[in-house]
Amino acid sequence: MAAPVRQLSRSSDILLKRSHLIWKGTQRLLSNGRAPAPHFLQARSRLLPLLVFSGTGYLGYDQYGRYQDRRLAELGIEAPPPLASDNQVALYRSIPTRLVSRAWGRLNRVELPAWLRKPVYRLYIWTFGVNMKEAEVEDLASYRNLGEFFRRPLKPHTRPVCPSSCVISPADGRVLHCGRVVNGELEQVKGVTYKLHDFLGPITWGSTPNTGGHDPSLPDPAAFEEQLLCSPGNQLYHCVVYLAPGDYHRFHSPADWTIEHRRHFPGPLLSVSPSVARRVRSLFCVNERVALAGRWQHGFFSLVAVGATNVGSIRIYCDQELQTNAPRYTTGSYNDRSYTSPLAASPSSPLAPSQEELPGIGLALRKGEPLGEFNLGSTVVLLFEAPPDFSFSLKPGQPIRFGQPLGSL
């Protein structure tokens, strides 16, 4: 038994000596200039343990964070989302998303050759799960460009409007958040808030239209919320609906209401996908958006269409003067237009709803009427006043379709 062990040990010694000789020979070749300098190998050999150590440390830290999140979830405690730092947000905002969105808009208007339309649209349908059986025109070759395909109308009665609900979903999409406005703050997703006065700007409904100013004061958030309420005892509610690229890209009137005022906030066009909304605080206050404000049977009512990357074009059917994603804008500025003045524009687009123009009051909309459209997926935020017994009939994260009820009294 000892002989084989001795032989194995002798073989191991021979292998080690040969390996050492091979390494020495390699070093001599390197020193003779037949390969890169040995300092490169030495530096790489020194860096390798450092990279392994740092990479292992990062993975360990990441796994520890995930473990903590799982433990909190088991205890019923929701972990706060990790927010991006100011430097990270500034770096993201430095990307020319407005320029990219304008280029995308021009590309959408380019007429595609007939032979190319079906392959391009089928790829989009496969990627984003579009249901073309609901489209008014199912023939893909009939859509001359990408813009027509993105904004395709649906067949009549595909989205029945709930007759019993006082407020319905204005669009197809996914509910990011819904609930009460608390102390003048809204939630774009769970745990990430933004201030109401930063989102809507100063309350100047019915006053002389402002053409590019900004509110010099910083009102108390709770006091600002109180100023919006029309009836004592009522509360302010909000709902955020995210439209994915594969969703129906038009939005409709969510209730019977009267639009009195339009405010356009130029700004960046950052992504509004849920993954970004969880990390960038006040994302909806940063992005370009169009806010429509007015009244309904219970008081204040507002619908805000928020732009996003490649969605620089926000169209409101009843406002032909609105131009979004302009090449230049002033940070913090906004442009107002009153619909209660005698100069309020009447719809001239063939897609415009049959609205009732009420001089001195505004534009009356009925529940379910077409209101506007995006060039691609984006976000719609509803803000409305209602009695305290109003309750939402949906939960954050669930898919929703235009016409379905949001809640009840």
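Glutamate 260 is found in strand β6, residues 257-265; strands are DSSP runs of E of at least two residues, numbered from the N terminus. The model is predicted: local features need pLDDT of at least 70, side-chain atom pairs count only at pLDDT 80 or more, and totals for chains, interfaces and linings use all residues. Residues are numbered from 1 along each chain as its sequence is written, and side-chain values use heavy atoms, with hydrogens and water left out.

Glutamate 260 is buried at 17% relative accessibility (under 20% relative accessible area, 1.4 Å probe, protein chains only). Its contacts (heavy atoms within 4.5 Å) include Arg295, Arg337 and Tyr339, not counting residues up to four places away in sequence.

Aromatic pairs number 21. Rings of Phe, Tyr and Trp (its six-membered ring) pair if their centres lie within 6.5 Å; planes under 30 degrees apart count as stacked, over 60 as edge-to-face and the rest as tilted. Tyrosine 237 and phenylalanine 390 pair edge-to-face, at 5.1 Å centre to centre and 65° between the planes. Tyrosine 237 lies in strand β4 and phenylalanine 390 in the loop between β14 and β15, 153 residues apart. Tyrosine 237 is buried at 4%, and phenylalanine 390 at 5%. For tryptophan 257 and phenylalanine 301, the centres are 4.9 Å apart and the planes at 45°, so this pair is tilted. Tryptophan 257 belongs to strand β6 and phenylalanine 301 to strand β8, 44 residues apart. Both residues are buried. One aromatic cluster includes Tyr237, Trp257, Phe301 and Phe390.

Arginine 289 lies over the face of phenylalanine 265, 3.9 Å from the ring centre (CZ of Arg within 6 Å of the centre and within 35 degrees of the ring normal).

How values were computed
Helix = DSSP H or I, 4+ residues; strand = E, 2+ residues; numbered from the N terminus. Buried < 20%, exposed > 50% of the residue type's maximum accessible area, 1.4 Å probe, protein only.
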